[in-house]
Amino acid sequence: MAHQTRWTKSEVEIALMRQAGYITSDAFLKIMACTSPGQMEQDLAVRMEFECRKQGAERLGYPCIVAGGTNALTLHYLDNNHVLRSGDLVLVDAGCEFHMYASDVTRTWPVNGRFTPEQRALYSVVLEVQKACISMCQANSHMTHTAIESTALRLMHDGLQELGIVSRDDSDMILTRRLYPHSIGHWLGSDIHDCPTVQPSLPLKSGVVLTIEPGVYIPHTISTIPEKCVGISHTDFLLIPCCIDSAELESEWKMMFLSPMTDPTF
């Protein structure tokens with residue numbers, strides 16, 4: 001019963017989470033701008049916490065993940081003790097806690113400031129999956145977290161097929177499930193994984209906050225792509241609005257995002 005009550009957020013809670021999102025987004029932009037080859041992963045982790053606390057966050061919402069190069073293949077990597085190398089990507093998963101409410105954002109960018117063509121192609125697949133899933137996040141009797149999850153897997157499969165990473169014979173999406181091994185997201189609130197007893201099969205409701213976080217992780221054993229040993233994830237958290245039609249969606253889009261970052265071009 002408590003989790004059901006906490007699942008939908010009040011206006012005050014939404015305001016706190018929106019502020020947590022602004023703080024986190026600004027911190028990400030600052031560490032993106034200062035990233036360069038030769039830094040340690042922990043340099044970015046320390047800067048992330050500094051920037052969040054500087055703007056009023058009491059603490060980080062969870063341990064900051066900074067995974068350069070092959071380290072991004074380890075989900076929830078926490079060592080943060082390797083050197084960032086030119087030509088590699090760095091994946092940063094971080095969020096702050098503002099007056100007991102959490103944020104959750106992930107970005108992946110090139111250490112030297114420029115994607116290779118192969119990195120950009122993979123990044124674009126992940127980003128397009130996220131955009132499509134976000135467009136599904138509306139309050140109605142038919143839309144569920146489970147439905148968004150299924151769509152994310154199918155779109156990731158299609159995108160990886162287009163790049164030649166996944167065979168068109170892989171109709172069961174076995175390889176796609178290996179390369180995209182986690183959920184599309186989770187509820188968010190006063191806990192990072194908020195309201196765990198609320199089932200993903202329930203229809204989405206106005207006032208619910210959730211993350212949308214597709215990712216792809218290419219190990220060295222995949223022979224169909226030159227860009228191996230790379231992990232890419234892209235996480236934002238957003239508010240489910242009232243049921244709106246497609247004509248209204250564009251105007252509501254910015255209000256849905258509680259992590260309102262305008263990503264730089266790499």
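These are my notebook entries on one protein structure.

**Entry 1: the whole chain**

I began with the source of the coordinates: this is a predicted model. I then looked up the overall make-up. The protein has seven helices and ten strands. Its C-alpha trace spans about 50 × 45 × 35 Å along the principal axes.

How does the radius of gyration fit a compact globule? For 266 residues, such a globule would have a value near 18 Å. The protein has 18 Å, so the two agree.

Of the 266 residues, 53% are buried. I also checked how far apart in sequence the contact partners are. Among contacts with a separation of 6 or more, 71% join residues 24 or more positions apart.

**Entry 2: surface and charge**

The protein exposes about 12,000 Å². Carbon and sulfur atoms supply 55% of that area.

Then I looked up the charges. I found 20 positive side chains and 31 negative ones. The centres of the two sets lie 3 Å apart.

**Entry 3: cysteines**

How many disulfides does the structure hold? It holds zero. I reminded myself of the term: a disulfide is a covalent bond between the sulfur atoms of two cysteines.

The cut-off I needed here is 2.5 Å between the sulfur atoms.

Cysteine 137 is in no disulfide either. Its nearest cysteine sulfur belongs to cysteine 133, 7.4 Å away.

**Entry 4: positive phi in a loop**

Histidine 76 has one, with phi near 60 degrees. Asparagine 80 has another, with phi near 50 degrees.

Where does histidine 76 lie? I found histidine 76 in the loop between β2 (65–68) and β3 (89–94). Asparagine 80 is also in the loop between β2 and β3.

Histidine 76 has a relative accessible area of 64%, so it is exposed. Asparagine 80 has 8%, so it is buried. The limits behind these calls are under 20% for buried and over 50% for exposed.

Arginine 53 sits in helix α3, which covers residues 41–54. At 44% relative accessibility, arginine 53 is partly exposed. Which residues does arginine 53 contact, leaving aside neighbours within four places in sequence? They are Glu58 and Arg59. I also looked up the spacing to aspartate 79. Arginine 53 and aspartate 79 are 26 residues apart in sequence, with their C-alpha atoms 22 Å apart.

Histidine 145 is in helix α5, residues 145–162. Its relative accessibility is 7%, so histidine 145 counts as buried. I set aside neighbours within four places and listed its contacts. Among them are Ser183, His186, Trp187, Pro200 and Leu210. Serine 201 is 56 residues away from histidine 145 in sequence. In space, their C-alpha atoms are 6.3 Å apart.

**Entry 5: a strand residue and a loop residue**

Leucine 89 is in strand β3. Is leucine 89 buried or exposed? It is buried, at 4% relative accessibility. Not counting residues up to four places away, leucine 89 touches several others, including Ala67, Trp109, Phe115, Gln119, Val230 and Ile232. Glycine 113 is 24 residues from leucine 89 in sequence and 9.3 Å away, C-alpha to C-alpha.

Last, I looked up proline 196. This residue lies in the loop between α6 (174–179) and β7 (209–212). Proline 196 counts as exposed, at 59% relative accessibility. Alanine 15 is 181 residues from proline 196 along the chain. Their C-alpha atoms are separated by 22 Å.

Key: Residues numbered from 1 in each chain as written. Predicted model: local features only at pLDDT ≥ 70, side-chain atom pairs only at ≥ 80, totals over all residues. Heavy atoms only, no water. Helix = DSSP H or I, 4+ residues; strand = E, 2+ residues; numbered from the N terminus. Rg over C-alpha atoms; globule rule 2.2 N^0.38 Å. Buried < 20%, exposed > 50% of the residue type's maximum accessible area, 1.4 Å probe, protein only. Contact = heavy atoms within 4.5 Å. Areas by Shrake-Rupley, 256 points an atom, 1.4 Å probe, with all protein chains shown as cover. Lys, Arg positive; Asp, Glu negative; His and termini not counted. Charge placed at Lys NZ, Arg CZ, Asp CG, Glu CD.
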